Amino acid sequence: MLFWVIAAILTLGASLAVLLPLAGGARSASSSGEHDLEVYRDQLSELDRDAARGLIKPAEADEARAEIARRILRLDNTDQAGSASVGRTSVATRLVATAAVLAVPLVSWGLYINIGSPDLPSQPLSERLAKNPADSSVDELVARAEAHLTANPSDGRGWDVLAPVYLRMQRFSDAVAAYRNAIRLDGDSAVRRAGLGEAIASAAGGIVSADAQEAFEAALKLDPANAKAGFYLAMALAQEGRSKEAAAAWQAMLGTLPKDSPWRGAIEQALAKSGSSGAGNAGVASSEPANGPTAGDIDAASSMSPQDREAMINTMVAGLGEKLRQNPRDPEGWMRLVRSYIVLGKADQAREALSRAIAVFGADSDEARKFTAFAASLGLTATQ
């Protein structure tokens, strides 16, 4: 009933908004004519006073009176014609306006009664949460769980159940918080640590940051066979430019995973993207984007003097920077360059490389968001 009362009030307000301006139009036209007539009357009175005081000759006064009289006659004729026209227009306009005002609510209400659900009772959140879970939507189930955890924030089991749901719903920040709460309240497990790492990486646009790596490594310590943790740690190697090591890690996983493991498809796709086959070739294609210094390069330089070692690494980084100038649309190359500068302790050059990378792809692009998240994981921002 309340719905129909509100609808009636809104309809009445809309009707008045349409009809009141139409009703005021004729009145304003009439008042304008009366004002002009009053002015002419004042002119006649002033003319009589001037003639009585001898300020104007009688003949001139008669001519002025005749002119004013002619204007009054023209005003009367115009008012009559205008009143007739306004009257006709007013009648037609009012008929159209009245028909429209009546038609709009009648048509809209008729359509709502036919295709809407006017008899459907309202469903406040409390009532929806009280429904049988089997009859509830995912959003309602999540709302129920959130309401429960608001009242019982120490329910580690509740956080543990909700965390992967947040992850599937792509509410990554909520998933991170839920996994952390589950670990804090119910203790460590490989599944929780791997889920936390995935949530952190997803929130960063797919970049496996240092925090995500830490979570995955903790998961592997608890369960060396955890496929999710192994997959993402290999992805971290690929993002660092260590493509051969990443391919080798994925190949090793393929040899140990069950044939029905859902991770086999993801690993094969990753190997195909990196240029490696799934049949045991741990190499990478020759068209692989330019690399910066890898961990192997740095290990090989460990026997050099500090000056020679730094010179060698700087040369490699400079080569990567030059190749990115020639082929700037290489997002992984830019991330390797930024990481290399950070390793060398050159934060200013890393910041400059980050700004150049964002400029290449555009500040609003997905790549720019990944660059920013990746740099943040290294403790770097685009500005000081």
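Visitor: How many salt bridges does the structure hold?
Guide: It holds 13 of them. Keep in mind that the model is predicted.

Visitor: OK, which residue does Lys-228 form a salt bridge with?
Guide: Glu-198 is the partner, and the closest N and O atoms of the pair are 2.7 Å apart.

Visitor: And where do Lys-228 and Glu-198 sit in the chain?
Guide: Lys-228 is in helix H9, residues 227-239. Glu-198 is in helix H7, residues 190-203.

Visitor: Is Glu-198 buried or exposed?
Guide: Glu-198 counts as buried, because its relative accessibility is 15% and the cut-off for buried is under 20%.

Visitor: Switching topic: what is the N to O distance for Asp-366 and Arg-369?
Guide: Their side chains meet in a salt bridge at 2.3 Å.

Visitor: Which helix are Asp-366 and Arg-369 in?
Guide: Both lie in helix H16, residues 366-377. They are three residues apart, about one turn of the helix.

Visitor: How do they count for accessibility?
Guide: Asp-366 is partly exposed at 48% relative accessibility, and Arg-369 is partly exposed at 48% too.

Visitor: Which residues do shared partners join into one network?
Guide: Glu-240, Arg-242, Glu-245 and Arg-339 are joined that way, through salt bridges.

Visitor: What about Arg-242 and Glu-240 in particular?
Guide: Their side chains meet in a salt bridge, 3.0 Å from N to O. Arg-242 is partly exposed, with a relative accessible area of 22%, whereas Glu-240 counts as buried at 16%.

Terms used:
Residues numbered from 1 in each chain as written. Predicted model: local features only at pLDDT ≥ 70, side-chain atom pairs only at ≥ 80, totals over all residues. Heavy atoms only, no water. Salt bridge = Lys/Arg side-chain N within 4 Å of Asp/Glu carboxyl O. Helix = DSSP H or I, 4+ residues; strand = E, 2+ residues; numbered from the N terminus. Buried < 20%, exposed > 50% of the residue type's maximum accessible area, 1.4 Å probe, protein only.
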